[in-house]
Structures are given as C-alpha cells and as structure tokens.
Amino acid sequence: MLVIKNLKANVEGKEILKGINLEVKAGEIHAIMGPNGSGKSTLANVLTGNENYEVTDGEVLFDGKNLLEMDPETRAREGMFLAFQYPIEIPGVSNATFLKTALNEIRKYKGLEEITPKEFLALIKEKASLLGMDDAMISRYVNVGFSGGEKKRNEILQMLMLEPKFVLLDETDSGLDIDALKIVANGVNIYKNPNTAFLVVTHYQRLLNYIVPDFVHVLYKGRIIKSGTKELALELEDKGYDWLIKEEEMEKV
Amino acid sequence: MNIKGFYIDKFIDFEKKLNGESITNFHSFRKDAIAKFKEIDFPTTKNEEWRFTDVSPITKQNFIPANLISKIKIDKSKVEKIIFTGFDFHLLVFVNGIFEPSLSEIKDLPKNVFVGSLKKFQAEKEDLFYKHFNKIVSNDTAFNFLNSSFSVDGFAVYVPKNIVLEKPIQVLFINGSEDENILISPRNLFVVEENSQMKLIVNYNGLNNQKYFSNIITEIFIGENAIVDYYQIQNENDNSYHIEKIQAIQKDKSLFNQFNITFGGEIVRNDINSKLDGEYIETHFYGLYMINGKQHVDNHTFVDHAKPNCMSNELYKGILDENSHGVFNGKIIVRQDAQKTNAYQQNKTILLYKGATIDTKPQLEIFADDVKCSHGATVGHLDEVSEFYIRSRGVPKELAKSMLIRAFANDVIETMKITELKEQINHMIFQHLHQIEI
C-alpha cells in the first residue's frame with residue numbers, strides 16, 4: 001500500500017530524514033519508535049503533506065501513485081489520515097460542520113453523492129458512541145475546551161468518520177491516562193481491517209500493548225536503524241534505546 | 001469654489017426649502033453649526049487624531065445634501081432583502097437619513113416609550129428632546145458641524161424608567177441616489193432611563209454603487225442601572241464614505257455593549273466614545289472589520305473613566321485582505337477620581353495579503369493609582385499549522401481559510417446575544433471577503 005524509498009527531508013534547512021526505506025502492506029500495523037528528535041513526527045508530517053517540511057530526495061508510492069506530488073487535501077481524499085499529536089482548536093466551527101465538510105469533500109473526490117444531513121447525524125452518533133463520546137460534543141466547536149484525552153479521542157472519531165486506508169498515529173498516547181489510552185486503542189482496533197494499514201509513531205511501548213504491531217522500526221537520527229517484530233518494542237522498553245544506538249555507532253566505526 | 005463654500009451655499013438653498021421650519025429652535029441650532037463650520041477646516045493627516053486617515057478624497061468632492069434632492073422611492077421587497085430576520089423586532093427605515101413610515105413597522109410599545117424619527121420625537125416630546133439633544137456629544141470637527149448644519153432627521157428612542165423593551169429595534173438606513181453623489185446627515189438620539197433595557201440593531205446599507213457620503217452623529221444616554229445592547233452593522237457600498245461619531249454617557253451601574261461590525265465603505269472613520277459618569281459602570285466595545293480592495297477603516301474609541309469602581313473591556317478584530325488599510329486607536333482615560341478602575345483593551349489583526357496594512361495605537365492616560373489596566377495588539381497571518389490540520393482532512397485550502405477566519409472572528413460573534421443576527425453576520429463575513437462559506 002505504501003512504499004517509501006530513500007526519503008530525505010529538511011525542516012528549516014536542516015536535514016531531519018536522511019534516507020528512509022519502508023514498505024507497509026494492507027492489513028499491517030507498523031510502529032515507528034525512537035528517541036526524541038529522531039524524526040518520527042517529521043515522517044508523519046512529510047507523508048501527509050505539511051508544507052513546512054521540504055522533501056529533498058526519495059519517493060513515496062501510495063497504492064502506486066506518487067504521494068509527494070499531491071497537496072494535503074488530495075492525500076486525505078486518497079485515504080491518508082494523520083491523527084495529530086496536538087490537534088487544533090477551531091472556535092466557531094462545530095465538529096458536525098467540520099466533519100460533514102471533510103466527508104463530503106472526500107465523497108465528491110470519489111464520485112459519490114454528498115451525504116444527507118440525516119444520514120450524517122446517524123453516522124456520527126453511531127461512531128461517537130463506539131468511543132463513549134457524548135452526543136453533545138457533536139455540536140461543540142472543534143476541540144475547543146476539550147481535555148487532552150478528549151482531543152485524541154476526537155481524532156479517532158474523525159478517523160472512523162472519514163474511513164481512511166492509511167492511518168498515521170503521531171504520539172497519540174502522549175498525555176493520555178490509561179483509561180483514555182484504552183478507549184483510543186479500542187477505536188483503532190474496531191477500525192482495523194485487511195484493507196487498512198497503520199503507522200503508529202510512539203516514544204513509549206505502552207500504546208503497543210493495546211495496538212499490537214506486526215512490525216516495529218527504530219528511527220534514530222533520520223534513519224531506520226533496526227526493524228523487528230513486536231518483541232523489539234518490549235526489548236526497547238526493557239533496555240532503552242542506548243544499546244541500539246551504541247550498536248549503530250559501532251557499525252559506523 | 002472650495003468645498004466649504006459649496007456646503008455654505010447649499011445651506012442657503014436648504015434654508016429656503018425649510019419655509020416655516022426655519023424659525024424653530026432646531027434651526028437656530030443648525031445656523032450656529034454652519035457658523036462654526038465656516039470657521040473650522042476639515043482635519044488633515046497633520047492632525048494627530050487623523051494621522052493615519054487622509055480624508056482629502058472626501059473633501060475634494062461635492063456631495064449634494066440629501067435634503068435638496070428629490071425623494072428616492074424604495075420598494076418593500078428591497079427592505080426585506082437587507083434586514084436581519086428570523087426574530088421579532090420593531091423596524092425603522094430611513095432613506096438617505098429621512099424616516100420612511102411606509103417601510104417601517106413599529107409594533108405595540110409599552111406606555112410612554114418612543115420609537116421613531118427624531119423629527120417626530122422633537123415634535124411630540126420637546127422637553128425631553130432638548131434635555132438631551134446635542135448635550136451628550138461635543139462637536140469638534142468640521143464633519144460634526146457639517147452634520148449638525150444639515151441634520152433634519154434620524155432615529156430616536158426613548159425608554160422611560162423601569163421598562164424592559166423585549167423586542168430589539170432594528171434601524172435600517174438605505175443610502176445613495178441613482179445618479180448624484182449625495183451627503184447624508186443622520187442625527188440619532190436614544191435615551192434609556194433608570195433601570196430600563198433595550199437592544200438596538202443599526203444597519204447601514206448602500207442602495208447601489210453610486211458614491212455617497214454618510215456623515216453621522218449618534219447620542220446615547222444610559223441611565224442608572226440601565227442596559228443597552230447596541231449592534232451596528234455597517235454594510236455601506238464600497239465606493240461610499242462613512243464618518244460617524246457615537247457618544248454615550250453612562251450613569252451608575254449601567255451596562256453598555258457596543259458592537260461595531262464594518263464591511264463597507266471606501267473611507268470609514270468611526271469615533272465611538274463613552275463617558276463613564278458614575279460608579280460600578282460596565283462598558284464593552286467589540287469591533288470586527290472585514291475589508292478588502294482599497295478600503296480604509298479607522299476606528300477610534302475613547303473610554304472616559306471619570307468615577308471609581310468601573311470596568312471597561314474592548315476587543316477589536318480586523319481581517320484585512322488585498323490592499324486594505326485598517327487603523328485602530330483606542331484611548332482610555334482614567335481620571336484622578338476613578339480609583340479601582342479595570343480597563344482592558346485588545347486589538348488583533350489578521351492580514352490575508354501582503355498589500356494589507358494596519359496601524360494600531362493604544363492610548364492610555366492614567367491619573368489614578370489604584371487601577372488595573374492593560375492593552376495589547378497582535379498582527380499576524382492565518383496559522384499555517386491550523387490550515388494544514390484542516391486540509392489534512394480533505395478540506396480544500398480556500399475553505400480551510402474560511403474556517404480559520406470564522407475562528408478568528410469567533411470571540412466577537414459569540415458574544416452577540418441574538419442568535420439569528422449572529423448567523424446572518426457570519427454569512428456576510430464570507431460574502432464580503434469572497435471566501436467560501438462553511
């Protein structure tokens with residue numbers, strides 16, 4: 001589904017991604033782990049088209065299409081979704097207006113009819129209840145006055161509504177207590193199916209107890225320095241990143 | 001002939017048309033005004049109060065006083081298109097500053113309440129009229145004297161004590177002529193006595209795209225413990241000039257909420273002033289201006305804290321596109337007696353295009369020592385991270401911008417208490433900025 005080849009990217013002129021190679025197939029869950037500043041969030045932003053990140057080299061194919069040529073809205077309509085680490089507040093725009101607008105843009109792109117207000121309301125109520133969210137939040141302004149946990153939950157609601165093929169979770173576990181974390185993970189597990197793929201960016205292993213990855217990659221200084229299965233995450237939890245970093249430095253020498 | 005000479009000549013024509021009215025007290029007031037007008041020059045950018053606003057395009061042209069042209073006929077259907085709807089209200093319609101009873105609709109009113117034209121108020125309640133008329137405002141520019149010289153009408157509201165006027169009063173001004181550039185000089189007065197409440201919606205509109213000049217004075221008396229919500233929506237045409245002075249005086253424990261929403265006008269200058277002449281008064285000034293093209297909008301506000309224990313709060317927000325120019329000058333005086341004053345002021349501006357500019361100037365003069373005062377100004381662009389967030393959900397760039405403009409305007413719009421009005425103003429924001437509506 002997603003093929004990343006030798007991807008390099010700069011932020012404010014500084015090279016952050018230094019040649020990423022990764023393939024994610026439909027139905028798979030990949031986790032990207034790594035210490036702070038290793039380039040995890042950069043990767044998520046580059047894949048979803050944030051214009052503050054400059055791609056300098058490499059290629060990304062999304063179902064065979066050149067992803068890097070598309071603007072952010074086209075990537076979303078093609079099925080890319082990023083659950084933000086810090087979701088944005090939009091006062092004056094209700095969750096319902098926001099999601100209906102987004103959903104209809106995606107439907108239009110796919111040549112589908114716009115959703116009727118009635119169908120939309122039924123759909124959003126159904127998805128919200130899956131996440132234990134109160135109906136009242138539907139008419140509240142996007143993320144305004146939401147707690148950290150509610151904002152993350154709202155990201156997952158957006159995912160359930162927009163039904164993307166490829167989901168990036170950027171540090172979705174940060175700032176979440178264990179109950180909120182379970183709810184968010186549950187949303188992901190409900191949604192996961194053989195036609196979707198996930199890339200879970202996280203600093204800690206904890207989230208991976210609930211969203212179980214098929215593969216784990218360690219990102220360090222803009223490169224993937226080790227890949228493995230879910231056991232690698234446990235090993236990292238146990239031993240930290242230092243041993244891997246040392247191995248990496250040794251190899252360089 | 002210079003422009004002042006033009007108006008002085010037109011005053012003679014105007015007097016001739018007045019016939020019997022030219023011997024009234026009101027006319028001697030006008031005669032005083034034209035005499036003062038002769039002595040004073042129009043402000044220039046050398047005047048500190050007009051530093052950022054060049055009015056020479058207004059003073060270089062002849063505008064024929066509206067009283068001297070034949071009456072413009074307006075259809076009811078035109079009125080229905082431009083008024084705010086969806087709620088119950090009294091409607092006063094003015095065409096080029098003159099009351100039009102056939103288009104207006106004043107519903108049942110409590111006893112002794114007056115809602116109508118200034119002219120009628122003067123005739124029916126002469127004592128009250130002279131008690132307040134021209135007593136609240138001080139004329140200090142050639143524009144003010146020009147207004148006074150040619151003033152014949154405007155809206156008048158009088159609410160005696162202990163009355164809550166439930167329905168808002170909507171005042172619609174339709175301005176402009178078919179083929180001439182005209183001067184419109186409304187003179188408005190509203191008096192709300194002790195322990196009474198009212199809501200007012202004033203809606204200025206252009207008839208077509210013909211140039212005109214609206215030159216307005218509005219006086220407001222807010223009695224003890226009275227509450228006034230005043231929503232002003234200025235939607236003049238983009239070729240017009242709009243110069244307005246609003247002067248309020250507030251008594252003990254009164255509350256005044258003033259909303260100044262500006263969409264139209266090529267050159268706009270608003271002076272919005274309140275004198276807090278009592279204790280425990282609250283004053284809120286909210287401003288929102290959305291301009292584009294070559295529009296120039298200058299908002300000068302002045303909150304005069306004369307007595308102790310009062311609170312004023314001011315929030316002005318501008319959304320400036322293309323080559324538009326905004327000016328904000330917020331003056332607050334805290335006089336020596338006005339201990340325990342709380343006075344806050346903020347001006348926030350979003351520039352949507354590199355050609356747009358804002359001059360912002362807080363002016364705090366504090367003579368009391370036990371006060372809390374603050375001011376702040378920010379100027380920025382729409383937030384890129386927010387725009388990316390919205391686009392990353394499949395929403396196109398232009399629509400994402402619309403949402404962010406709506407978000408920026410929210411803390412002003414959200415404060416309005418009439419839901420239907422809020423929604424219609426929302427709609428106007430997007431219409432005026434040529435942005436897509438959400």
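This is a predicted model: local features need pLDDT of at least 70, side-chain atom pairs count only at pLDDT 80 or more; totals for chains, interfaces and linings use all residues.
The UniProt record, an unreviewed entry, annotates residues 2-246 of chain A as "domain: ABC transporter". What is that stretch made of? Over residues 2-246, chain A is 36% helix and 29% strand. The end C-alpha atoms of the stretch are 30 Å apart.

Now look at a sheet in chain A. It is an open sheet of four strands, in the order 2-1-4-5, and the pairing is antiparallel. Which strands sit at the edges? They are strand 2 (14-24) and strand 5 (65-66) of chain A, and each pairs on one side only. Next, strand 1 and strand 4 of chain A. Strand 1 covers residues 2-11 and strand 4 covers residues 53-62. Eight bridges join them, in the antiparallel sense.

On to chain B, helices first. Helix 2 is residues 25-39, and helix 7 is residues 142-150. They pack at an angle of about 150°, with their axes 8 Å apart. Angles over 145 degrees count as roughly antiparallel, so helix 2 of chain B is roughly antiparallel to helix 7 of chain B. The crossing of these two chain B helices is left-handed. Who meets whom? Helix 2 of chain B brings B:F29, B:R30, B:A33, B:I34, B:K36 and B:F37. Helix 7 of chain B brings B:A142, B:F145, B:L146, B:S148 and B:S149. By class, that helix contact has seven nonpolar residues, two polar and two charged.

Now the strands of chain B. Strand 17 (residues 311-320) pairs with strand 19 (residues 342-351) in the parallel sense, over 10 bridges. Strand 19 of chain B also runs parallel to strand 21 (residues 372-380), with nine bridges joining them. Follow B:K348 across. On strand 17 of chain B, B:K317 stands opposite B:K348. In strand 21 of chain B, the bridge partner of B:K348 is B:T378.

Last, the contact between the chains. Chain B puts in 19 residues, and chain A puts in 21 residues. On the chain B side, helix 8 (384-391) and helix 9 (397-413) each supply at least two residues. Which helix of chain B gives the most to the side that touches chain A? Helix 9 of chain B does, with seven residues. By class, the chain B side divides into 11 nonpolar, four polar and four charged residues.

How values were computed. Residues are numbered from 1 along each chain as its sequence is written. Chains are lettered from A and ligands numbered from 1 in the order in which they are written. UniProt positions are given in the numbering used here, feature names are shortened, and annotations may be inferred rather than shown by experiment. Axes are lines fitted to C-alpha atoms, for helices over the stretch in contact, and angles run from 0 to 180 degrees between N-to-C directions. Angles under 35 degrees count as roughly parallel, over 145 as roughly antiparallel, 65 to 115 as roughly perpendicular and the rest as oblique. A crossing is left-handed if the near helix is turned anticlockwise from the far one by less than a right angle, and right-handed if clockwise. Two residues are in contact if their C-beta atoms, placed from the backbone, lie within 7 Å. Ala, Val, Leu, Ile, Met, Phe, Trp, Tyr, Cys and Pro count as nonpolar, Asp, Glu, Lys and Arg as charged, and the others, Gly among them, as polar. Two strands pair if DSSP finds at least two bridges between them.
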